[in-house]
Amino acid sequence: MKLVIFDCDGTLADSQHAIVTAMTQAFERHNREAPLRNDVLSVVGLSLHIAISDLLPDGTSDRDIDDLAQSYKNAFHDLRRDPTFHEPLYPGIKNLIEDLGAQDDVLLGVATGKSDRGLHTLLDREGVRDHFATLQTADHHPSKPDPAMIQAALNETGVDAKNAIMIGDTTFDVLMARAASVYALGVDWGYHPASDLIAAGAPRVATSADEIATITRDVFAVPVRNN
């Protein structure tokens with residue numbers, strides 16, 4: 001059995017507008033200068049507390065970070081209730097999930113810095129949740145690049161690391177995959193440049209959902225280890 005694990009924000013779904021808007025609202029609510037868009041996107045994928053900490057000056061108290069994190073969650077929740085809320089899957093991703101999920105020897109998973117609520121809402125809205133055998137989120141694990149989420153996905157599905165692939169758009173995903181000894185496949189439509197993904201150790205970077213399918217077939221036909 002094979003396991004294909006996806007990151008969510010920046011890999012499956014284009015969440016950048018909502019993420020930046022919610023972060024801006026959270027900072028403004030606490031009378032802090034909102035971080036720049038590129039700075040916010042650079043920490044997408046990390047657990048929320050760590051991401052916010054990276055956007056704040058050194059020495060900011062844990063209490064202040066926790067308060068900002070809660071304000072971010074509240075802002076994102078309010079945005080999600082707005083009828084104009086838009087968090088679409090990237091082109092070709094839904095078909096990719098359906099095609100891979102239909103294969104008898106392939107299981108699908110997610111490893112994301114998103115919360116349980118946010119991930120389940122997205123997958124339910126897009127009608128693809130039933131295709132996933134394992135869902136690992138920041139609610140239950142240390143932040144990427146710690147390999148805990150991938151290790152939990154492997155344990156839950158019974159798949160060996162050599163038969164798994166992690167697909168993501170950030171260096172955090174690549175480093176997490178390498179730490180878990182699974183193949184790291186980057187994508188070039190997310191929040192970190194392809195050059196950074198390669199420098200972090202991704203053997204290849206896909207430029208489309210179709211290319212993910214092609215590379216996945218190649219990797220599983222001839223298993224490649226990252227280390």
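These legends describe close-up views of a predicted model. Residues are numbered from 1 along each chain as its sequence is written, and side-chain values use heavy atoms, without hydrogens or water. In this predicted model, local features need pLDDT of at least 70 and side-chain atom pairs pLDDT 80 or more, while totals for chains, interfaces and linings use all residues.

**View 1. A cis peptide bond joins K144 to P145.** Its omega is near 10°. P145 sits in the loop between β3 (132-136) and α7 (148-157). Helices (H or I, at least four residues) and strands (E, at least two) are DSSP runs, numbered from the N terminus.

**View 2. N31 has a positive phi of about 55°.** N31 is not a glycine. The loop between α1 (16-29) and α2 (37-42) holds N31. N31 counts as exposed, at 75% relative accessibility. Buried means under 20% relative accessible area, exposed over 50%, and partly exposed in between (1.4 Å probe, protein chains only).

**View 3. S181 has a positive phi of about 60°.** S181 is not a glycine either. Look for S181 in the loop between α8 (171-179) and β5 (183-187). S181 is buried, with a relative accessible area of 18%.

**View 4. F76 and F85 form an edge-to-face aromatic pair.** Rings of Phe, Tyr and Trp (its six-membered ring) pair if their centres lie within 6.5 Å; planes under 30 degrees apart are stacked, over 60 edge-to-face, the rest tilted. Here the values are 6.1 Å centre to centre and 70° between the planes. Both F76 and F85 are buried. Ring pairs link Y72, F76 and F85 into a cluster.
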